[in-house]
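Trainee: I am new to this structure. Please show me how to read its features.

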Amino acid sequence: MTAIGKPISRVDGNEKVTGKAKYAAEFNVPDLTYGYVVSSAIAKGKITNIDASDALSLDGVLKVFTYKNRPKLAWFDISYKDQDAPPGSPFRPLQDETIKYSGQPIALVVAETFEVARYAASLVRIEYKEDTHETDLEANLHRAREPKSGIASLLKPPPPKPRGDFETAYQDASAKTNGRYVHAAEHHNPMELFASTVVYETDSKKKPKLTIYDKTQGVTNSILYVSQVFNIPFKNLRVVSPYMGGGFGAGLRPQYQLFMATMAALELKRSVRVTLTRQQMFTFGHRPATVQNVALGALPDGTMNALYHDAYGETSQFEDYTEVVVNWGGMLYPPENVTMDYKLVPLDVYSPLDMRAPGGVTGMAALEVAMDELAYELGMDPLELRLKNYSDLDNNEKRPYSSKELRECFRQGAERFGWSKRSFEPRSMKKDHNLIGWGMATGIWDSNMLGARAEAALLVNGKLWVSSATAEIGTGTYTIMTQIAADTLGMPIEDVLFKLGDTDFPIAPISGGSWTAATVGSAVQAVCEEVGKSLLKLAKKMPGSPFKSAKWEDIEFVDKHLRLKKDPSAAVSLMTLVNLNGGKAVRETSGVFADVMKQKNFTRSAHAAAFVEVMVDEELGTVKVTRAVSAIAGGRILNPKTARSQILGGMVWGISKALHEESALDHTFGRFMNHSLAEYHVSVNADIHDLDVIFVEEHDDVVNKLGVKGLGEIGIVGMPAAVANAIFHATGKRVRDLPITLDKLL
Amino acid sequence: MNSFTYTQADAVDTAVDERASDLTAKFIAGGTNLIDLMKENVERPTRLIDITRLPMATISETLEGGLRLGALVTNADTAYDERIIQRYPLLSQTILAGASPQLRNMATDGGNLMQRTRCYYFYDLATPCNKREPGSGCSALNGFNRIHAILGTRTQGSDGQLAEPNCIATHPSDMCVALAALEAVVRVTGKNGERSIPFAEFHKLPGDTPHIDNTLESDEIITAIDLPAKGFPDNFMYLKLRDRASYAFALVSVAAALELENGNITDARIALGGVAHKPWRKPEAEALLVGKPATKENFQAAAEALLAGAQGYGHNTFKIELAKRAIVRALGQAAKLEPTA
């Protein structure tokens, strides 16, 4: 192994910084037309009239699509279900006159230029009959109900049944804490706006043939959706998405611009691009507003004996979006008396959607604050309380972890941060106007592996070409796949070209849940091994071959050569071998699945310990996160540079979630009001100071052959609670509602 | 965004004429706010008159010993001008607390005065707004009003009673808060020639006409902003409190300027941002400080006077206490009683 484990810069970095990397709205074709979406001004009711005459009278306007003139579409719900669809009835744009949420797309204006389409959209007059809407989670908790289950339950299990007797144990506990934790909805807000460019052509039978450049976290998901909804065979569809300017989960489902652009292209027999506005980026999935209650009890020595965690998540009226919010406490901590519950409150909003560490960062932001509260009830150092209740078992499933170096995360993180110098008492550290506080929290996230396929070809020029229809969501997928392929066949990364984001490539799942490195990485490794086996066959056929009796285990690939492990002088160059293949590349396609038999007796998770220092101006309530250390146990680190960037991104978002982020919902209008990047606050550079990432060594051959766990989510999970706990340590104020804005500290 | 025509003006007179002949036209310079508002269909000018070629892009000395900021000088050039840094450091500090470097490079000093509120409801055509559509109502009053005004919102009805506000929007500028404290003068030209508007009279309270932000006549153009000789270069502070450390509008901001002699205050200026439809000053509050020592107690008294009559509307009620604390802090920092970090 020479590339894996090295801090290699992104192989696509040059393309990105020079602007050569193209995004969905940047693929230009002749005679492209432009669609602009008209959004609902009300949250619930019916459209009583649509007057598009002024819009249609403008030069350059081609058509205004509404529910009245849309083409006939697929009839059954199943056709609209994408790979990340929760149980329920998926939203169908332009279905009928019904308005289900504020901002719902209700018309598409298509024109010869973007500017004319945008202007024309402002001239479409809509009249409504309004119904009473409900968008206030806290006011509707009495309507909470059990979520429907579906395929999503496989990756998002419901809470386990209660065990022991929480109530009695809690009564008997000598230290206890009980709190209610609330956070508002949040939106993903990737920089790149959702866009689809649909290029219209026809096949030899004059049937539509579409090439779709889509912003998506899975081209396979988009092609499936378009094929089913518009009844087009796969052979006449191609979805391409080589880059995306941030996804964070927003691209896990096809967004409505894909529907709109495809519909318009098919109807107009023209190529169409639809790009959403920043305001429209607040009109689909989001992290759901959630209310949680956590109660913990412990014996005098700190041993936890009681744990209660419930959560009420918001969902839409048409789908039951669920996430795992409450299960984590049962996985991490060993109390014998546990009750966990998770319910949904349907509201007149769009279905929520997975957003970085969905459920995990929500639940852990409450649980790990409650742990801090328990530590203070006990008069015990918060880190010591975690160590006291450290468990090598997942107590929900009563089975061990495939690996869990969390203890080492605590040790190394605490040492780097200087935790041992912390004074226990809140308000005990001060500098000028500022109170200083130190807080910590634990992070955990699933290490899943799904199935994927890949293709590899050793070309006659000696280059290795590898592909899979996965996505580069900004995490470094191009780079780590290149590294895996290069090492598997003993080649320098310069000789490897990895391609993704195209439905012409072998199938891969949507890229989310931290599973891409494990899933697609394993597929790339496997297919390169297949190529290697073919090369061995060719080597055996060489006259006087030293490999005649060699088995796969006897050989290795080093420096562009196949050679015998026990006799490195018996070597043949890959170039020589491929030239024995009759002038053709050595090409293989194969797929991998998780080794379920090997995995079933283990829980597979990544872990983290987050340590945070804050400075709080007590008079003015302002908070500055001056320092943070995250120690991560995430299995094998393929590339410390892209891995560190992943964790840094998660840490920044954790700070942002703790201090800034909130989609402000006005319940009078049932509408998110701060729908711009000026008013939806995410942390900016000036908010971020010293961040430090430690990767703790962790070996795991259960998760997958590569031993990787995925790093997309683990960096954010512990951060919000660590910030909130540091603020408590600084000020003595326990804030349980996120974000912790300055008014909450006055 | 609607369809519009675009012309370039090459002299102030012709710019004024063009605008006077077509009141649906708008002047455009940096465009950092106008273009946004056009994209949202909040502003729908039928014509844009580009004034960036007009000869008013320099900073020059005035006969009174002050500086004249041409209306087209960019915010960045103003903030980094040596004369401004030395003589009006409060202004420089204030400009740099706003927006981003990219925006400050585009935005002009005249345009800064003409910024419109960042009220969410003003920006969103799906909601009623008296400022955007007079008579339609104020959605912020009972809505999400975290960023809204606490001062100068209520008007006296004909019966002498305080009436329900028509608008609780704030003026978003940082720069204007310093200009108010420095008692700048706005120079404008219209069909009837030139006139000067004292800064305190430039922006107005919403009253019954919240759709009108300022006292500029419809045919007038801002040509310059005059800074009086007195710049308070020794004791000043702009303290801006917001929901993140940069690139956010002020929840509350304070421009504080003091003149001190042996620890006694001989002159004081306090202007607030983020709390009203215009930069908020109250000469009575400042007068309380004159002749008194620079102490926290005296600052507190001034803060109480400045916030007298303040009214919260739910989400923004915290601003009343926050503003008082910010005033005390900013004055303390201006007087160098407290560290500025």
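Mentor: We will go through domains, contacts, helix pairs and a few backbone details.

Trainee: What should I know before reading any numbers?

Mentor: This is a predicted model: local features need pLDDT of at least 70, side-chain atom pairs count only at pLDDT 80 or more, and totals for chains, interfaces and linings use all residues. Residues are numbered from 1 along each chain as its sequence is written, while chains are lettered from A and ligands numbered from 1 in the order in which they are written.

Trainee: Into which domains is chain A divided?

Mentor: Domain bounds come from an automatic or database domain assignment. In chain A, domain 1 covers 18–132 + 194–275, domain 2 covers 139–183 + 286–448 + 600–745, and domain 3 covers 449–593. The centres of domain 1 and domain 3 of chain A, taken over C-alpha atoms, are separated by 39 Å. Their contact takes 20 residues from domain 1 of chain A and 15 residues from domain 3 of chain A; two residues are in contact if their C-beta atoms, placed from the backbone, lie within 7 Å.

Trainee: Which element gives the largest share of the side of domain 1 of chain A that touches domain 3 of chain A?

Mentor: Helices (H or I, at least four residues) and strands (E, at least two) are DSSP runs, numbered from the N terminus. Here H5(A) has the largest share, 4 residues. By class, this side of domain 1 of chain A has 8 nonpolar, 10 polar and 2 charged residues. Ala, Val, Leu, Ile, Met, Phe, Trp, Tyr, Cys and Pro count as nonpolar, Asp, Glu, Lys and Arg as charged, and the others, Gly among them, as polar.

Trainee: How is chain B divided?

Mentor: Chain B has domain 1 (5–50) and domain 2 (235–334). The C-alpha centres of these two domains of chain B lie 36 Å apart.

Trainee: How many residues of chain A are in contact with chain B?

Mentor: 27 residues of chain A are in contact with 26 residues of chain B. On the chain A side, helix H3 (residues 114–123) gives the most, with 3 residues. That side has 11 nonpolar, 8 polar and 8 charged residues.

Trainee: How do I read a pair of packed helices?

Mentor: Two packed helices are described by the angle between their axes and the distance between the axes. Axes are lines fitted to C-alpha atoms, for helices over the stretch in contact, and angles run from 0 to 180 degrees between N-to-C directions. In chain A, the axes of helix H8 (residues 360–378) and helix H17 (residues 719–731) come within 8 Å and cross at roughly 30 degrees. H8(A) and H17(A) are therefore roughly parallel (angles under 35 degrees count as roughly parallel, over 145 as roughly antiparallel, 65 to 115 as roughly perpendicular and the rest as oblique). The residues of this contact of H8(A) with H17(A) include A:Met364 and A:Phe728.

Trainee: At what angle do H12(B) and H13(B) cross?

Mentor: The axes of helix H12 (residues 296–306) and helix H13 (residues 318–334) of chain B cross at roughly 140 degrees and come within 9 Å. That makes H12(B) oblique to H13(B). The contact has 7 nonpolar, 2 polar and 3 charged residues.

Trainee: Which peptide bond is cis?

Mentor: The bond from A:Leu738 to A:Pro739 is cis, with omega near -5 degrees. A:Pro739 sits in the segment after strand E31 (737–738) of chain A.

Trainee: Where is A:Lys269 placed?

Mentor: A:Lys269 is in the loop between helix H6 (256–268) and strand E11 (272–275) of chain A. Its phi is near 55 degrees, a positive value in a residue other than glycine.
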